[in-house]
Each structure stands twice: as structure tokens, then as C-alpha cells.
Amino acid sequence: MDITIRVAGEAGQGVQTTGTLLAGVCGRLGLHVAATKSYMSRIRGGLNWFDVRLGEAPLCAGRDDADVLVALSEAALDVLGGGVRDGGVALYDGDEAPGAATGVNFTQIARDVAESKVMANTVATGAIFAVCGYDVEKLCDYLREQFADKGEDVAEKNVACARAGAERVGALRGALTGPKATGAPPALMTGAEAIGLAAATAGVKLAAAYPMTPGTGTFTTLASLADDYGIVVEQAEDEIAAVNMLCGATYGGVPAMASTSGGGFALMAEGLSLAGIMELPICIVVAQRPGPATGLPTRTGQQDLQFALRAGHGEFARAVYAPGTVAQCGELTRRALQTAHRFQTPALILTDQFLQDFQTNVDEPDRTYRPIDRCLADDAGKGYKRYAVTDSGVSPRAIPGGDAFVVVDSDSHTDAGKISEDLRGHVAQQDKRMRKAEALADEALAPEYYGPDDAERLLVCWGSTYGPCREAVDANNADRRRKPAAMLHFAQVWPLHVAAARDALGGPDEVYCVEGNQTAQFAALLRECGLLDACALISRYDGMPFTARYILEAM
Amino acid sequence: MLYDVAQADTSPAWCPGCGNFGILKAFDAVVEDNAINTRTLVLVSGIGQAAKLPHYPDKPVNVFNGLHGRALPAATGIKLANHDLTVVVTSGDGDMYGEGGNHFIHAARRNIGVKAFVHNNQVYGLTKGQASPTSEAGFTTKIQTHGVTSERFNPLALAICEDVSFVARSFSGDREHLKAMMSAALQYEGFCLLDILQPCVTFNRLNTAKWYKDRVKPVGDAHDPTDRAAALELAFTWGDEIPVGVIYTSERPSFESQQPALEARTLVGSFDR
């Protein structure tokens, strides 16, 4: 069983604070947590909501409806009130609640108890605890711990607010039965944080980016880790500068990363091409949001797959990863950095707003610094040629400051890196670079198959749709009347592991491609690679994440 | 068949009489005279005729010949990766002040320890004769058929306003002066701008070698380069007299000297810590 608590209100009212507190304490108590954010592109007003889904088993997606709605504004009730399940509870931050909601004036209670309306979020969390039948004293213990460094007064005021919130729900106490704690890992992490931490431990030394939702979370994480891991973090004047800084830094010898979204990535396209011809191991996180242009800045989507595959003029090798879970965000960030360095070519990590902000339990992450292998040539010296033609296409890579002179050029160049218009040499170098694409394909991750071997229906997905698809498979297969289903998830979308994909796609009769775009971009890629003829499309491009219910209804 | 074009790929790709030759010779002499360790020297450039200079020095050097307009952010990345390297950007007025204008503003704002030697011939060479950001108002080309109507970009004034470490101007036709300015720039920690006036013998019939020679006038000993107001006045002086020399210097710390991550060692030096 699982329940969803939806905290909703205007930007600036404490939606995020309340949701974060609730998710944090529930994780600490050993509950499985999946928190998702839905917000508008503004700092005040509007309507934002923060869903905290709690369960007794791992959760990998959000839900459409909610068991508890905590409305901090009237608009929150108006817009989201219909999404409360039968038998659910709606609380409203006011004395007189419209409709079926119950008024619990969190703000006034916080003023009365702690002389601080800021602590209304603690009152609300106490109320939620009581409604779900949880012991508010456990919340109090957590609050004391969280506010330990702010002094006893602040901590105790928060405790008093939590207790007051729990008392004031009155008859609604225990109205719902929250899931039991089942020893879930207490640490919570978002996709954005997992990428940032993995980058820091893998040895990223320069993080250069221009802030752009929803990529900024990763940049912020790297900034928070900068002092511990010795990272220079620079907010570039634009994404063009950011990507060229990465090129400079990787040439100089250190791994470097940027995070951005589609619009920013568009500005990086020329720099990506530069890394292609210069053979520089840059790594870029592209956190997707709906376009075209500025589009829906704070919503989610998967519209930039084909763009990520093709971005940058000319032809060069690249690897594109698309993690499906928070854990994969960490694992694939390290892999992307290592792959980029092994093959001296750019690697991209495709996420989206849903996954960047998705927060869930993770095993205590390994925070030890364990840098990747930069795959440098230690013995380069006199006569060194940066682009020596080799069978693998990978040339010994030296960095400036040592015995070798390292010459790199955006123009077509000789094997020594010198600018050259020699057409034969141009072909030799182009062929050399493209040989790396073959080796990259040999290293591609096989897609993950989830479900029974004899599945008749297959949900093909990539990136952040992992969770909703997996839940849809479970729900489908729990219903004996439905044909058995399975999921095929691609965490690497370029190059594809063709053999494994062909094998998995050959079986089931009905193939559905589940994608957060309108034009079936991944299905097009599978067709291009000769892996798929026709398939049904389950698409979503309204800016909201997939849910299991959405997929089941579409099947 | 594929023709062996390489046979005709002569070097350098400059016109006979180009000011770039004087700049290259001065650069070679500065490297020689100052016994600069070229293993720790990186020449960074964008695109344009000036941007090809890193391929031509006498002594081998490290080279990053990047994208048009993007030399400064690349140089910034290199300097941050390894601040023990001497990073010199050598590019033209179109590359640095046009396509790369935004980066110029922000490299100066950071005061990153990069030396920008800008070959300023007031015209686009490699794209064949269009106006550049520093072309004189009224300058006519095949594109600006009625003459340039925009005001000349003033790189010196902008750099002074941003309080960079070093601002100077020189002229490709006066090698001793140019060498002195290059050598001086190499002594400073933060961002250094050396704007080098240079004739374009093919596309700029207005600002010829004689035109510059008749106008350049070394700033006297009386000029105090730490006097910002006086420096700005010189930066705005352009006409019958064009001041050359060290226009402005500042004590402002470099960008990299303020990075906590770089206190103990370089980034590249800390990778395997």
C-alpha cells in the first residue's frame, strides 16, 4: 500500500519547505519515499505542489491523485481538490475551509505557538502526521535534530508547532493509515544531487554553467561540494562560454562538466562539435523541459532526444546516457565521464525536470573521492602527435605542461594537430575519429528487461520513464484479465546495444513506445537502426510526468 | 580522384606585407629574449587570419586553436585547469571584440590571468573585407555600402572601466615597442589586454601602415598608468594622435588567485590527490 500527500500553495508560501520536511522525516523513519515537484516559473504567487508518496516497498514514480491535500491557498483547493481520492483528506490553511476541506489555520497556530508564521510548515507537517496515524513525537525528535544548530529555542518552538498541528486536526487524527516503516534506507536524494555527487567523486574539477531550470539543481549540488572536493565552480556569462570553458579545462587535463536544459544546450552545439574534432572528453547534463524555445520552463518532457543525438555540426562520435532512476543518475554520470575519457569524445547525460527533482531513498552514497582514469599518455614527449592515427581511433592523449607540446585545432588538422587543408589528411583524421564510434557501440549498455519472459505486451522506454513504466508493468500483471506485459528500458540511447535490443524487441506482439514527446523520437531511432517496424506510441507532452495510471489507460 | 591539395597548403596563410608578420616576429623575439619556457606556454586563439598565429612561432608551443570568438572562455578553462601555465590569447578584432564581445566583457570582469594580444586591423580579413567592430564610422565595404554607421568599439576604455590588471596599445610597425608591451604584459597576474594596431594591406585602404605611423605617439613618462581617469582620457584619444604604450595597470587580484580550490595547488595537480 502507499499514500500520497500533496502540499500545494503559492510560490513562496512554504510548499517546498513543508514537502522537504515531510519527505525527510519519513525517510528517516524507514518509510519508502518518492517526492515529486510541480511548480510554475515564478517566485511568488501561482500554484506549486510537492507530492510526498509513502510506501512499504520501493517507489519509483509519482501518482496522479492524492490521499491528503494540504492546501495553503484557495487556488490550491480549487485546482487540486478534485484530485483527492475518495476517503481522502483535504486540509486548508484557514479557519473556514471552502467545500469539503477541513480548516486548520497553520499560519495562525504558528503565530500563536511560536510567534512565527514561518513555522506554519511545521504545523502542517504535524497535522499530516496525525492524519496519517503517525506518532508526532517521532517528528518532534527529527525536528530537534534538524534544528540542533539553530539553538534550543528554535528547535522547541518547532516541536510545539508540530504538536499543535497534530492536536488541531481533531477527529481527523488517524483518518488514514499510513504505510508502515519497512527499513528503507534513510538517506534521500534527488536525481540532480546524485549526478552532482557522482561528478564530484569521479573527479570533475571544473563546473561551468549558466543557470537554467531544470539543470540548475546539478550545478547547485556541485557548488555545495566544491570546497570538499576542490572544484572550481564558475557561473559562465552564457552557455557558449560554459562549453568552451569545459573544452579548455579538459584540454588542460581535468574532467569538466556543465548542466543545462534544451535552450542552453542549443547554444552549446558549436562547442560540442569543437569537442568532437578536438577529441576532448567534455560531459554535459541536458535536463529536458518542454520547448520549443522557452516553452514550459519548469515542467518536464523528453523532446530533446533527437537534438542530443544530432547536436553539433559535422559528424563525430558521442555517447548519450539517459538514466531512469536516481541511482542510475549517479552510476551513469561516472560512466559518462569515464567513457568520455576513454574515447576522448563528448558524453551527454539526458535527464528532465521530473528526474532532476525526483527525490527518493538511496543506499548511503559513497562519498569517497575515487577519480576516474583520465587515460593519459604518460610517456609523451619529443615528436608527440596529438592525433596519431591508430587502429582504435584513440590517439595517445597528453596534456600541456609536460614534455610534449599539445596542439589542438578546430580546423581540420594533421596528426600533429596543425591546421591543414590537406583533403587526404582530412579524411584520415575523420576516419580515425569515427572509428571510436564503433568501439563506443561495443561498450553500449544493454537495455534492461523487466517482466515475465512470455510477456505479450512490451513497454519500450528510455530515461526518466523507467519508474512509471515499471509500475505500469506491475499493475498490469497484477490484473489476471490483462495480457502479461514487460518493460524494456534504455539507459543509454546512443550508441544502442543493437543485439540486446533486437533480441528483446523480437518477442512480444504488442510494442508500445512510451515517450514524453509528440513525435516518437526514440521509436524513430529504433526504426533508423532497423530494430523496430511499427509500434504504438504512448506519448505525453503536456509538461507533466508519466504515471502508471496514465500508461495503463493508454495501453 | 582526390587531389593532393597538401602540396599547395603553404604556411603562413597571410598576405605579403601583412602586419601579422611583425606581430609574429615580435612574439618570437619576446619568447627568445625572456627565455620563456614554451612547455608551459599555451597559445589560444579563435578564428581569423590573426588566430592562425599559434601555428607559426619559431619554437614549438602548446596550441588551442578553437572556435570563432571563443578563445577567451577556452583560455579561462585552461588557466583554471592549470594556473601554472602561461596562457596567451592571440586573435583579431573580429574574433575578440565582435563574435567574442560578451566573453571579452566577462573575462575582463573576472580578471582571469590570460594575456589577450589583439591584432586590431579594423577590418575583417579572412571573410574578405567587411567592417569590424573597430572600423571607423563611414568606412565603406561591399557590405557596409553606405559606410559604417555604428560607433567604433573602444576596447581600452572598456578594459579600464572593468579594472583589469594591464591595458596597453602598440603598433605592429614598431617592433621594439611591441616587444616591450608584450614583455610587460607577461609580468602581470590578471587579465592583460594588448591592443595591437595593424595594417591590413588587402582590405583596409584607409588605416594603412602610413596612416598608423603618422598618428601613433608613445605615452610619455609623465603618464601614471595607475591613474584611472588619466588612462581613460588616453583611451578616448583617437584621431591625429593615437597614444601607444602602457595605458593602465591595476592591483586587482586575478580571478584564479581568489579560488579556494586553487590555494594549495592547480586543479590538474590535485586530481590524483
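1. Ile5(A) stands opposite Val68(A), a residue of strand S4(A). The strand S1(A) is joined to S4 (residues 66-71) of chain A by four bridges, and the two run parallel. Strands here are DSSP runs (E, at least two residues), helices are DSSP runs (H or I, at least four residues), and both are numbered from the N terminus. Two strands are said to pair if DSSP finds at least two bridges between them.

2. The structure is a predicted model, in which local features need pLDDT of at least 70 and side-chain atom pairs count only at pLDDT 80 or more, while totals for chains, interfaces and linings use all residues. Residues are numbered from 1 along each chain as its sequence is written, chains are lettered from A and ligands numbered from 1 in the order in which they are written, and side-chain values use heavy atoms, with hydrogens and water left out.

3. Strand S1 (residues 2-11) of chain A also pairs with strand S3 (residues 45-55) of chain A, in the antiparallel sense and over nine bridges. Within this pairing, Ile3(A) stands opposite Leu54(A), and the bridge partner of Asp2(A) is Gly55(A). Eight of the ten residues of S1(A) are buried, so this strand is largely enclosed by the rest of the structure. Buried means under 20% relative accessible area, exposed means over 50%, and partly exposed lies in between (1.4 Å probe, protein chains only).

4. Strand S3(A) is mostly covered as well, with ten of its eleven residues buried. Strand S2 (residues 32-38) of chain A runs antiparallel to S3(A), and seven bridges join them. One of the facing pairs is Thr36(A) with Asp51(A).

5. Which strands make up the open sheet of seven strands in chain A? The order is S9-S8-S10-S11-S13-S12-S19, and the pairing is mixed. Strand S9 (232-235) and strand S19 (492-494) of chain A stand at the edges with a single partner strand each, so one side of each has no neighbour in the sheet. On average, neighbouring strands of this sheet are turned by 20° against each other, direction ignored. For such angles, axes are lines fitted to C-alpha atoms (for helices, over the stretch in contact), and values run from 0 to 180 degrees between N-to-C directions.

6. Contact means heavy atoms within 4.5 Å.

7. Another open sheet includes strands of both chains: nine strands in the order S15(A)-S2(B)-S1(B)-S3(B)-S4(B)-S6(B)-S5(B)-S8(B)-S7(B), with mixed pairing. Its edge strands are S15 (407-409) of chain A and S7 (216-218) of chain B, each of which pairs on one side only. Strand S1 (residues 41-45) of chain B and strand S2 (residues 62-65) of chain B pair in the parallel sense over four bridges. In this pairing, Ser45(B) stands opposite Asn65(B). Helix H9 (residues 239-252) of chain A packs on the sheet, touching S15 of chain A together with S1 and S2 of chain B.

8. Some points of backbone geometry deserve attention. Most residues other than glycine have a negative phi, and most peptide bonds are trans. The peptide bond from Gly291(A) to Pro292(A) is cis, with omega near -5°, and Pro292(A) is placed in the loop between S11 and helix H11 (305-310) of chain A. A cis peptide bond also joins Trp494(A) and Pro495(A), with omega about -15°.

9. Is Glu279(A) buried or exposed? Glu279(A) is buried, with a relative accessible area of 0%. Although not a glycine, Glu279(A) has a positive phi of about 65°, and this residue is found in the loop between H10 and S11 of chain A. Ala35(B) has a positive phi near 50° and is exposed, with a relative accessible area of 63%. The place of Ala35(B) is the loop between H1 and S1 of chain B.
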